[in-house]
Amino acid sequence: FMCPGCREMHQVRVEGEGRPRWGFNGDYERPTFTPSVLLRLPGAMEDGVRRPEFVCHSFVTDGQISFLGDCTHALAGQVVPIPRPDETCPLTIGDRP
């Protein structure tokens, strides 16, 4: 699914071999994944200074993304619908902390 907080796709494994695997309600229009989806990226070096770690942590329930307070992007603490494939996400990569 497209994450409007990261402005990137997040991929979760719901079937097949390998771990981790998430539960999925089978609804492609209003998906629910369990448990939460957590993405951590180490801080990059920029002009000799290490930027902080990037975190995107959310629950996806009935097609809504509930961003948790530990997110480091601008949508932390907000609930937003999963963008449709033809929608533009509100943030750009440069908006990352």
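Which residues touch the most other members of the largest nonpolar core? The points below take that up in a predicted model.

1. The largest nonpolar core has 16 residues, and Phe 1, Phe 33, Cys 56, Val 60, Ile 65 and Phe 67 are the ones that touch the most other members. Strands β4, β7 (54-61) and β8 (64-67) each give at least two residues to this core. The largest share comes from β7, with three residues. As background, nonpolar side chains in soluble globular proteins tend to be buried together.

2. Aromatic pairs are the next topic; the structure has three of them. One is formed by Phe 1 and Phe 33, whose rings are stacked at 5.9 Å centre to centre, with 20° between the planes. Phe 1 belongs to the segment before β1 (2-3) and Phe 33 to strand β4 (residues 33-41), so this pair ties together parts that are 32 residues apart in sequence. Both partners are buried: the relative accessible area is 15% for Phe 1 and 10% for Phe 33.

3. Phe 33 also pairs with Phe 24. Their ring centres are 5.4 Å apart and their planes are at 20°, so this pair too is stacked. Phe 24 is partly exposed because its relative accessible area, 26%, is between the 20% and 50% cut-offs. Phe 33, at 10%, is buried because that value is under 20%. Ring pairs join Phe 1, Phe 24, Tyr 28 and Phe 33 into a cluster.

4. Neighbours within four places in sequence aside, Cys 56 is in contact with Cys 3, Cys 6, His 10, Val 37, Leu 38, Leu 39, Phe 67, Cys 71 and His 73. Phe 67, on that list, is also named with Cys 56 among the core residues that touch the most other members.

5. His 10 sits in the loop between β2 (8-9) and β3 (23-24).

Key: Residues are numbered from 1 along each chain as its sequence is written. This is a predicted model: local features need pLDDT of at least 70, side-chain atom pairs count only at pLDDT 80 or more; totals for chains, interfaces and linings use all residues. Side-chain values use heavy atoms; hydrogens and water are left out. Helices (H or I, at least four residues) and strands (E, at least two) are DSSP runs, numbered from the N terminus. Rings of Phe, Tyr and Trp (its six-membered ring) pair if their centres lie within 6.5 Å; planes under 30 degrees apart count as stacked, over 60 as edge-to-face and the rest as tilted. Buried means under 20% relative accessible area, exposed over 50%, partly exposed in between (1.4 Å probe, protein chains only). A nonpolar core is a set of buried Ala, Val, Leu, Ile, Met, Phe, Trp, Tyr and Cys residues joined through side-chain atoms within 4.5 Å. Contact means heavy atoms within 4.5 Å.
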